[in-house]
Amino acid sequence: MSELIYILLAIVDLGLVLVALRAGLQWLYTHVIVNLLLVTILAGKVTYILGFPVTVASPLYATVYLATDIIAEHFGTKSSLLVVRMGFGAILLFVGVSQICLLFPVLSSQSELQISMEKVLKTSMRVFIASTVAYVVSQHFDIFVYDKVKKITNGRYLWLRNNVSTISSQFIDSGLFFGIAFIGVLPNWWKIAIAGFLTKVFIAILDTPFIYLSRWFVQQRIQDTAK
């Protein structure tokens with residue numbers, strides 16, 4: 001059941017990228033930021049996929065890479081780098097404000113709510129640093145590789161630059177995050193890192209038809225604008 005829900009979540013979120021693209025660049029920016037905030041909240045929930053522990057936020061995080069690749073493909077590298085930095089700023093703002101709000105005392109009747117919110121929102125500085133470093137480094141690497149492969153192949157082989165950039169950047173992301181966050185804390189952190197990376201590779205392959213569909217969505221938007 002977990003595997004089915006996982007695949008459905010991935011497909012729905014990948015589809016929402018195309019819906020956002022159809023609406024315009026600003027909606028793509030919004031989709032990336034919302035996904036990153038959801039990942040910040042949901043990353044702590046872990047389930048089993050094919051017997052391996054995987055965070056339920058993996059499909060949402062992997063979809064961000066499709067969105068930045070689509071932005072780079074149709075709107076240019078500068079636009080893609082901009083949304084990465086916007087996402088970084090949104091994460092900082094969300095985490096900072098949420099930690100401050102947790103400091104407020106609550107009514108005695110809301111003590112259980114306070115405990116629940118702390119469990120969800122309170123994060124260790126080490127995990128926060130790991131996630132932000134992994135996100136910023138891997139996203140910039142993804143955009144760099146995507147642009148390089150596109151130039152080397154003269155704009156051909158869309159599937160190649162999409163998969164090469166996403167899979168390589170996800171490898172860096174998983175290594176940085178799990179390494180910084182869990183070395184010396186979890187004895188088998190690398191097993192969780194490998195499982196997380198493999199699920200992201202699966203989604204990277206799964207999103208290939210979606211980036212091809214993005215061409216049709218862009219053409220439709222151009223036609224609608226011309227009318």
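Here is a tour of the pockets, the core, some ring pairs and a few loop residues.

**Before you start**

This is a predicted model, so local features need pLDDT of at least 70, side-chain atom pairs count only at pLDDT 80 or more, and totals for chains, interfaces and linings use all residues. Residues are numbered from 1 along each chain as its sequence is written, and side-chain values use heavy atoms, with hydrogens and water left out.

**Stop 1: the largest pocket**

Rolling a probe the size of a water molecule over the atoms shows where empty space is left. Here, on a 1 Å grid over the protein atoms alone, a pocket is an open set of points where a 1.4 Å probe fits, with protein on both sides within 12 Å along at least five of seven lines; its lining residues have an atom within 4 Å of a point. A volume is the space filled by probe spheres set on the points, which are joined across faces, edges and corners.

Select Val-39, Ala-43, Gly-44, Val-127 and Phe-177: of the 39 residues that line the largest pocket, these lie nearest its centre. The space in there comes to about 970 Å³.

Now colour by helix and strand, which are DSSP runs numbered from the N terminus (helices: H or I, at least four residues; strands: E, at least two). Which helix gives the largest share of the lining of the largest pocket? That is helix 6, with six residues. Helix 6 spans 125–152, and among the other elements that supply at least two residues each are helix 2 (25–42), strand 2 (52–55) and helix 7 (158–182).

**Stop 2**

Next, select Glu-3, Tyr-6, Ile-7, Ile-49, Leu-50, Phe-52, Ala-195, Leu-198, Thr-199 and Phe-202, the lining of the second largest pocket. Its volume is about 210 Å³. Helix 8 provides four of these residues, the largest share, and helix 1 (2–23) also supplies at least two. By class, eight are nonpolar, one is polar and one is charged.

Stay on Leu-50 for a moment. Leu-50 sits in the loop between strand 1 (46–49) and strand 2. Is Leu-50 buried or exposed? Buried means under 20% relative accessible area, exposed over 50%, and partly exposed in between (1.4 Å probe, protein chains only). With 68%, Leu-50 is exposed. Check its backbone as well: phi is near 55°, a positive value in a residue other than glycine. Most residues other than glycine have a negative phi.

**Stop 3: the nonpolar core**

In soluble globular proteins, nonpolar side chains tend to be buried together. A nonpolar core is a set of buried Ala, Val, Leu, Ile, Met, Phe, Trp, Tyr and Cys residues joined through side-chain atoms within 4.5 Å. Select Leu-28, Leu-36, Leu-66 and Ile-70, which have the most contacts inside the largest core, a set of 35 residues. Helix 3 gives the largest share of this core, nine residues.

Zoom in on Leu-28. Contact means heavy atoms within 4.5 Å, and beyond its neighbours within four places in sequence, Leu-28 touches Val-17, Ala-20, Leu-21, Ala-67, Ile-70, Ile-71 and Phe-75.

**Stop 4: ring pairs**

Rings of Phe, Tyr and Trp (its six-membered ring) pair if their centres lie within 6.5 Å; planes under 30 degrees apart count as stacked, over 60 as edge-to-face and the rest as tilted. The whole structure has four aromatic pairs. Show Tyr-61 and Tyr-65: their ring centres are 5.5 Å apart and their planes at 80°, so this pair is edge-to-face. Both lie in helix 3, four residues apart, about one turn of the helix. Tyr-61 is buried at 10% relative accessibility, and Tyr-65 is buried at 0%.

Then pick Phe-171 and Phe-197, an edge-to-face pair with 5.4 Å centre to centre and 80° between the planes. Phe-171 lies in helix 7 and Phe-197 in helix 8, so the pair ties together parts that are 26 residues apart in sequence. Phe-171 is exposed at 55%, whereas Phe-197 is buried at 16%.

**Stop 5**

Go to Tyr-157, in the loop between helix 6 and helix 7. Tyr-157 has a positive phi, near 55°, and is partly exposed at 42%.

Finish at Ile-183, in the loop between helix 7 and helix 8. Ile-183 is partly exposed, with a relative accessible area of 46%. Leaving aside neighbours within four places in sequence, Ile-183 is in contact with Arg-126, Phe-178 and Trp-189.

Notes:
Ala, Val, Leu, Ile, Met, Phe, Trp, Tyr, Cys and Pro count as nonpolar, Asp, Glu, Lys and Arg as charged, and the others, Gly among them, as polar.
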